[in-house]
Amino acid sequence: MVWFTGLPSSGKSTLAGWVAEALEARGVAHVVLDGDEVRAALVPTPGYSPLARTQFYLTLARLAALLAGQGLVVLVAATAHRRAFRAAARRLAPRFLEVFVDTRPDECRARNSKGLYGQAARLPGAGVRYEPPLEPDLRAVGGATRAAVAECLRLLRVGRARRAPSTGARRRPLVER
Ligand SMILES: Nc1ncnc2c1ncn2[C@@H]1O[C@H](COP(=O)(O)OP(=O)(O)OP(=O)(O)O)[C@@H](O)[C@H]1O
Ligand SMILES: [Mg+2]
């Protein structure tokens, strides 16, 4: 499991998507769990109270662990603003990498890709404190970069691309060590 954490608009989904493309090109079985998409899929839709957030991130971590346990590289793009949320995921995963998408708060505000800054006092980095990782496995400074993708692949011990991305081809599961 690879958890991309960082402030809203830091570049988590972009980086997770780039890593997914690279894994696809290498025939490595993977899935992206984007926090917002999972949130939208749940019934009832989780709220934003401290309890609801705790429950949501535990649900997300358990879902990711379930998929990781079946041999998929699970790429989770979700802020998970408290260290305890990511620590719980680490405990559940067969293998865990924490990627800190480390983009300056003013830069995130300027990007404001979902228009949330300025609207939501409940936003991590605005009304809610974001707890950055103390010892991330990887730090992607400024957002998604090709260097961060390469480093992620190295940490996952994934080699060079064997073929162009394709759908329907036989996939090779990542062997955990
Ligand atoms: N290295 C970078 N340099 C400049 N812009 C970037 C970089 N990486 C990502 N971005 C841009 O930042 C914006 C936010 O990216 P993205 O949606 O991936 O963030 P996010 O962390 O997933 O946000 P959210 O928490 O709201 O889902 C996008 O417009 C994206 O293109
Ligand atoms: Mg996102």
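A residue is called buried if 20 or more other C-beta atoms lie within 10 Å of its own, exposed if 12 or fewer do, and partly exposed in between, with C-beta atoms placed from the backbone.

Some ground rules come next. This is a predicted model, in which local features need pLDDT of at least 70 and side-chain atom pairs count only at pLDDT 80 or more, while totals for chains, interfaces and linings use all residues. Residues are numbered from 1 along each chain as its sequence is written, and chains are lettered from A and ligands numbered from 1 in the order in which they are written.

**The overall layout**

The chain has 6 helices and 5 strands; these are DSSP runs numbered from the N terminus, with helices (H or I) of at least four residues and strands (E) of at least two. Read from the N terminus, the order is β-α-β-α-α-β-α-β-α-β-α. Of the 177 residues, 34% are buried. Two residues are in contact if their C-beta atoms, placed from the backbone, lie within 7 Å. Among contacts with a separation of 6 or more, 80% join residues 24 or more positions apart.

Strands pair if DSSP finds at least two bridges between them.

| Strand | Sense | Bridges to β3 |
|---|---|---|
| β1 (2-5) | parallel | 3 bridges |
| β2 (residues 30-34) | parallel | 5 bridges |

Phe4 has Ala77 as its bridge partner in β3, and Val31 stands opposite Val74.

A nonpolar core is a set of buried Ala, Val, Leu, Ile, Met, Phe, Trp, Tyr and Cys residues joined through C-beta atoms within 7 Å. The largest one here has 38 residues, and those with the most contacts inside it are Met1, Val2, Phe4, Ala64, Leu75 and Val76. Helix α3 gives the most to this core, with 6 residues. Leaving aside neighbours within four places in sequence, Val76 touches Met1, Val2, Trp3, Phe4, Leu33, Leu60 and Ala64.

Arg62 sits in α3, and its C-alpha atom is 7.3 Å from that of Ala89, 27 residues away along the chain. Phe85 belongs to α4 and has 22 C-beta neighbours inside 10 Å, so it counts as buried.

What is buried in α6? Ala148, Val149 and Cys152 are. Seen down the axis of α6, these residues fall within an arc of 100 degrees (taken from the directions from the helix axis to the C-beta atoms), so they line one face of the helix. The face turned away from that buried side carries the exposed residues Arg146, Ala147, Ala150 and Arg154.

**Around ligand 1**

Which residues come nearest to ligand 1? Gly11, Lys12, Ser13, Thr14 and Gly143 do, out of 18 around it; a residue is near a molecule if its C-beta atom, placed from the backbone, lies within 6 Å of it. Helix α1 gives the most to this shell, with 3 residues. The shell divides into 3 nonpolar, 11 polar and 4 charged residues, where Ala, Val, Leu, Ile, Met, Phe, Trp, Tyr, Cys and Pro count as nonpolar, Asp, Glu, Lys and Arg as charged, and the others, Gly among them, as polar.
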